[in-house]
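Hello,

I am passing a structure on to you, and I hope you enjoy looking through it. Please have it open while you read the notes below.

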Amino acid sequence: MAKAATLSPPPLPQRLIGYARVSTDDQLNDAQVDELRAAGCHRIHQEHGSGASRARPVLIKLLKDLTAGDVLVVVRLDRLARSVSHLLDVIENLEKRGVHFRSLRDPIDTSTPQGMFSLQVLGAVAQLERALIAERTKAGMKAAKARGRLAGNPGLRERRPEAVRAISVARERGYLDELISSAQTWLPTVRRLRPQHSWDNVVRILNRRGLDWTVERLRRAVHRLVREKLAESALLARSPRRPPEDHLMRLVAGIAIADPDLSLRDIAAQLDQMHERPPRGGRKWQPSSVRSLLDGARRLGLVRS
């Protein structure tokens with residue numbers, strides 16, 4: 001007798017999430033909102049902010065809240081990104097999480113082969129643009145040198161205060177843009193662990209995921225996002241003091257919180273790679289030792305049961 005076919009559950013309907021932005025407070029989002037509603041967006045996030053800056057709290061929160069299967073929809077590409085490279089960074093991050101992107105007035109829809117092709121063309125254009133800029137810069141420096149002029153900013157060479165101040169502002173803006181664009185790779189872990197866990201443990205857990213932080217750099221980054229109101233001030237609170245023997249328990253708890261899918265054996269392997277010594281001696285961590293520390297962490301409320 002033929003076996004009954006197993007019916008797979010129907011795919012979940014896609015959620016179309018709209019994002020509308022205008023540059024100044026005296027402009028209105030109404031036209032964008034109407035287009036997004038007509039495209040089927042059941043939720044629309046609106047923001048006033050310059051396209052030249054990545055410091056847009058509404059967009060940052062929206063990107064963080066999107067889940068696999070969602071489709072982020074904008075009316076035009078320039079509503080989302082400040083440049084082609086910024087656009088590609090955002091879309092690449094969304095694709096890694098299973099989120100699609102669609103622009104209503106541009107041939108970009110990452111849920112279709114045609115849209116992905118258009119995205120690849122954009123990537124090639126961005127790469128060409130960078131190469132042309134580098135080539136023009138080198139040619140300009142060579143021409144200046146042939147005429148006996150020094151390349152670079154004369155104001156900086158003469159240490160003019162306004163030139164030094166402008167460079168400092170530009171560097172700070174660039175630093176903030178870099179933090180915002182990378183925040184999705186590290187800020188969620190910081191939010192899960194701080195302030196219950198020390199900065200040292202948070203850094204060790206982040207670096208086990210392939211990142212490259214020091215305690216000083218991470219604290220500075222979080223301070224900056226808090227100052228810009230892009231992160232919660234509670235992250236900077238002092239960690240509770242614990243006795244030295246509590247170190248391993250908190251470290252194991254932090255690893256488990258940062259990645260709940262890890263098995264006891266996986267956590268043991270990470271502790272071996274961190275060169276942490278097992279609490280009962282021996283050269284290698286055993287799953288039983290990890291379980292004992294996790295049980296203690298649960299009793300203290302460090303890890304949810």
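Predicted model: local features only at pLDDT ≥ 70, side-chain atom pairs only at ≥ 80, totals over all residues.

Residues are numbered from 1 along each chain as its sequence is written, and side-chain values use heavy atoms, with hydrogens and water left out.

Let me begin with the salt bridges. Side chains of opposite charge can pair when their charged atoms come close. The term here means a side-chain nitrogen of Lys or Arg within 4 Å of a carboxyl oxygen of Asp or Glu. Searching the whole structure gives 14 salt bridges.

One of them joins Arg76 and Asp78, with 3.2 Å from N to O. For exposure, buried means under 20% relative accessible area, exposed over 50%, and partly exposed in between (1.4 Å probe, protein chains only). Arg76 is partly exposed at 29%, and Asp78 is partly exposed at 34%.

Another salt bridge is formed by Glu172 and Arg220, at 3.8 Å from N to O. Glu172 sits in helix α6 (residues 161-193) and Arg220 in helix α8 (residues 215-227), so this pair ties together parts that are 48 residues apart in sequence. Helices are DSSP runs (H or I, at least four residues), numbered from the N terminus. Glu172 has 31% relative accessibility and counts as partly exposed; Arg220, at 45%, is partly exposed.

Arg204 and Glu276 make a further salt bridge, their closest N and O atoms being 2.6 Å apart. This pair links distant parts of the chain, 72 residues apart: Arg204 is in helix α7 (residues 199-207), while Glu276 is in the loop between α10 (264-273) and α11 (287-299). Arg204 is partly exposed at 22%, whereas Glu276 is buried at 14%. There is also a network, in which salt bridges that share partners join Glu172, Arg220, Arg224 and Glu228.

Now to the rings. A charge sits over a ring if NZ of Lys or CZ of Arg is within 6 Å of the ring centre and within 35 degrees of the ring normal. Arg194 lies over the face of Trp199, at 4.1 Å from the ring centre.

Technical notes:
Helix = DSSP H or I, 4+ residues; strand = E, 2+ residues; numbered from the N terminus.
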